[in-house]
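Have a go at each task before you read its solution.

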Amino acid sequence: MPDQSSERHSDSHRPNEPRPLLPQPDHPIAFLKGFLERPKQVGSIIPSSRWMERRITRTAELASARVVIELGPGTGGTTRALLQAMRPDARLLAIEINPSFCDLLRETIDDPRLIVHEGSAAEIQDALTKHELDAPDVVLSGIPFSTMPRSLGLAILHSVRSSLKPGGRFVAYQFRDVVHTLGKRVFGPASIQLELFNVPPMRVYRWDIAADIAADIAPEKASDRATGGHASPSGRGRRAR
Ligand SMILES: C[S@@+](CC[C@H](N)C(=O)[O-])C[C@H]1O[C@@H](n2cnc3c(N)ncnc32)[C@H](O)[C@@H]1O
């Protein structure tokens with residue numbers, strides 16, 4: 001859907017030069033069109049603001065990451081921000097379910113570190129295998145958990161959990177708290193921030209995976225062991241902040 005091909009550009013080649021904080025989203029018409037065609041899947045009528053982009057890149061601490069996965073890049077505003085914050089030798093695997101958005105991303109972002117993969121966030125391992133990438137240090141998600149079946153949301157979160165490298169992190173941003181409700185079952189409680197300079201204001205959740213695999217037991221199983229099957233409020237609790 002290259003309806004804005006005149007916007008073709010890539011500012012991802014200028015690392016350490018933050019995108020200006022203009023309240024102007026990327027490819028707003030293509031995004032709105034995508035929303036009108038698939039409202040539940042896209043989940044928002046405009047892309048994230050520059051403030052949101054900045055918050056998620058900082059929260060994800062991308063400078064040390066070699067493999068980064070973005071779930072639901074949409075029209076690419078967040079994707080460009082991630083690329084700008086990433087190392088020159090890192091790779092970004094952007095997994096997007098909407099073929100029109102995938103075409104737009106391929107046509108408008110010219111960066112050898114980016115791989116655009118058309119597919120579902122529930123199949124991260126398949127995408128990693130296909131593109132011969134190592135386990136990610138960071139997974140970021142902008143997908144709308146509140147408008148998808150709960151079973152799919154959980155499948156996506158388990159896909160994130162099983163793909164992440166020990167010591168890695170998962171950052172998800174959402175208006176509602178569904179991703180946190182489901183995420184607590186898979187990862188334990190998150191650290192939470194609020195970004196007010198976005199329409200609508202957005203919550204940003206971060207989960208950290210233990211660097212020690214042996215200590216990294218699923219929250220339900222950890223609480224079963226500790227309480228003989230009764231729920232424990234602590235779970236694994238890998239909270240960084
Ligand atoms: C709210 S938009 C976020 C776009 C962009 N990251 C931003 O913040 O502006 C959500 C995106 O998730 C994509 N999406 C929804 N479900 C998905 C799934 N199961 N797998 C991959 N992408 C999905 C949608 O097509 C859409 O591009």
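**Exercise 1. Find what share of the protein's residues count as buried, and list its helices and strands by number.**

Step 1. Keep in mind that this is a predicted model. A residue is buried if 20 or more other C-beta atoms lie within 10 Å of its own.
Step 2. Apply that test to the 241 residues of the protein: 44% count as buried.
Step 3. Now go through the chain for its elements, which come to 9 helices and 7 strands.
Step 4. Take the contacts with a separation of 6 or more: 73% of them are between residues 24 or more positions apart.

**Exercise 2. Compare how E2 pairs with E3 and how E6 pairs with E7: parallel or antiparallel?**

Step 1. Recall that strands of a sheet pair through backbone hydrogen bonds, either parallel or antiparallel.
Step 2. E2 (residues 91–96) and E3 run parallel and are joined by 5 bridges. In this pair, Ala 94 has Val 116 of E3 as its bridge partner.
Step 3. E6 and E7 (residues 202–208) run antiparallel, again with 5 bridges. Here Gln 193 stands opposite Val 204 in E7, and a hairpin of 6 residues links the two strands.

**Exercise 3. Decide where the buried residues of helix H5 lie around its axis.**

Step 1. List the buried residues of H5 (residues 99–108): Phe 101, Leu 104, Leu 105 and Thr 108.
Step 2. Look down the axis of H5: these residues fall within an arc of 100°, so they line one face of the helix.
Step 3. Connect this with a general rule: an α-helix has 3.6 residues a turn, so residues three or four places apart point the same way.
Step 4. See what covers the buried residues of H5; H1 (28–37), H4, E2 and E3 are among the elements that do.

**Exercise 4. Describe the residues that surround the ligand.**

Step 1. The shell holds 22 residues, the closest being Pro 47, Ser 48, Gly 72, Gly 74 and Gly 142.
Step 2. Sort the shell by class: 10 nonpolar, 11 polar and 1 charged.
Step 3. Trace where they come from: helix H2 (39–42), H4 and E2 each supply at least two.

Conventions: Residues are numbered from 1 along each chain as its sequence is written. This is a predicted model: local features need pLDDT of at least 70, side-chain atom pairs count only at pLDDT 80 or more; totals for chains, interfaces and linings use all residues. Two strands pair if DSSP finds at least two bridges between them. Helices (H or I, at least four residues) and strands (E, at least two) are DSSP runs, numbered from the N terminus. A residue is near a molecule or strand if its C-beta atom, placed from the backbone, lies within 6 Å of it. Ala, Val, Leu, Ile, Met, Phe, Trp, Tyr, Cys and Pro count as nonpolar, Asp, Glu, Lys and Arg as charged, and the others, Gly among them, as polar. A residue is buried if 20 or more other C-beta atoms lie within 10 Å of its own, exposed if 12 or fewer, and partly exposed in between; C-beta atoms are placed from the backbone. The arc is that of the directions from the helix axis to the C-beta atoms. Two residues are in contact if their C-beta atoms, placed from the backbone, lie within 7 Å.
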